[in-house]
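Morning, everyone. I have one structure to walk through today. Let me put it on the screen.

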Amino acid sequence: MNDTQTTQALMTLDDLRRILSESAGSEEGQLDGDILDTEFAELGYDSLALIETASVIQRDYGVEIPDKLATPRELLDSVNGLLVAAG
């Protein structure tokens, strides 16, 4: 991060949808609707897709997310909590 970019914007659900779609090569529209509390397995995301998702988040947002996050809400809360803490 450079001096003019002191804080990272928080991750939105739309950001997460984009990353999940890119990481798993999912169909457009598969992640529409209220998915925040739907488990990743139920959404069709296996551990490999989630590893790729974590890698993209680490690259794009500079934070490493913990393993065992079950839902998009847990992932967003974790990423945004880390971003706020990093300030």
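Let me start with the contacts. Take the contacts in the protein chain between residues at least 6 apart in sequence: 59% of them join residues at least 24 apart. Keep in mind that this is a predicted model.

Now the fold. The protein chain has four helices and zero strands. Along the sequence, the pattern reads α-α-α-α. How much of the chain is buried? Of its 87 residues, 34% are buried. The accessible surface of the protein chain is about 5600 Å². Carbon and sulfur atoms account for 47% of that surface.

Next, salt bridges. How many does the structure hold? There are four. I'll go through some of them.

Start with R73 and D37. Their side chains meet in a salt bridge, at 2.6 Å from N to O. Where do the two partners sit? R73 is in helix α4, while D37 is in the loop between α1 and α2 (40-43), so this pair ties together parts that are 36 residues apart in sequence. How accessible are they? R73 is partly exposed, because its relative accessible area is 35%. D37 has 51%, so D37 counts as exposed. The cut-off for exposed is over 50%.

Now E22 and R18. Here the side chains form a salt bridge at 3.6 Å, N to O. Both residues lie in helix α1, which covers residues 13-24. E22 and R18 are four residues apart, about one turn of the helix. E22 is exposed, because its relative accessibility is 51%. R18 comes in at 37%, so R18 is partly exposed.

Then D60 and R59. The side chains of D60 and R59 meet in a salt bridge too, with an N to O distance of 2.9 Å. R59 reaches 61% relative accessibility, so R59 counts as exposed. D60 has a relative accessible area of 31%, so D60 is partly exposed.

On to helix α4. This helix runs over residues 72-86. I want to show you three of its residues, E74, S78 and V84.

First, E74. E74 itself is partly exposed, because its relative accessibility is 35%.

Second, S78. Buried or exposed? S78 counts as buried, because its relative accessibility is 16%, and the cut-off for buried is under 20%. What does S78 touch? Leaving out residues up to four places away in sequence, S78 touches I65, P66 and L69.

Third, V84. Its relative accessible area is 58%, so V84 is exposed. Now look at V84 together with A9. In sequence, V84 and A9 are 75 residues apart. In space, their C-alpha atoms are 9.2 Å apart.

To recap helix α4. R73 in this helix pairs with D37 in a loop, so parts 36 residues apart in sequence are tied together. S78 is buried, whereas V84 is exposed.

That's the tour. Back to the picture for anyone who wants another look.

Conventions:
Residues numbered from 1 in each chain as written. Predicted model: local features only at pLDDT ≥ 70, side-chain atom pairs only at ≥ 80, totals over all residues. Heavy atoms only, no water. Helix = DSSP H or I, 4+ residues; strand = E, 2+ residues; numbered from the N terminus. Buried < 20%, exposed > 50% of the residue type's maximum accessible area, 1.4 Å probe, protein only. Contact = heavy atoms within 4.5 Å. Areas by Shrake-Rupley, 256 points an atom, 1.4 Å probe, with all protein chains shown as cover.
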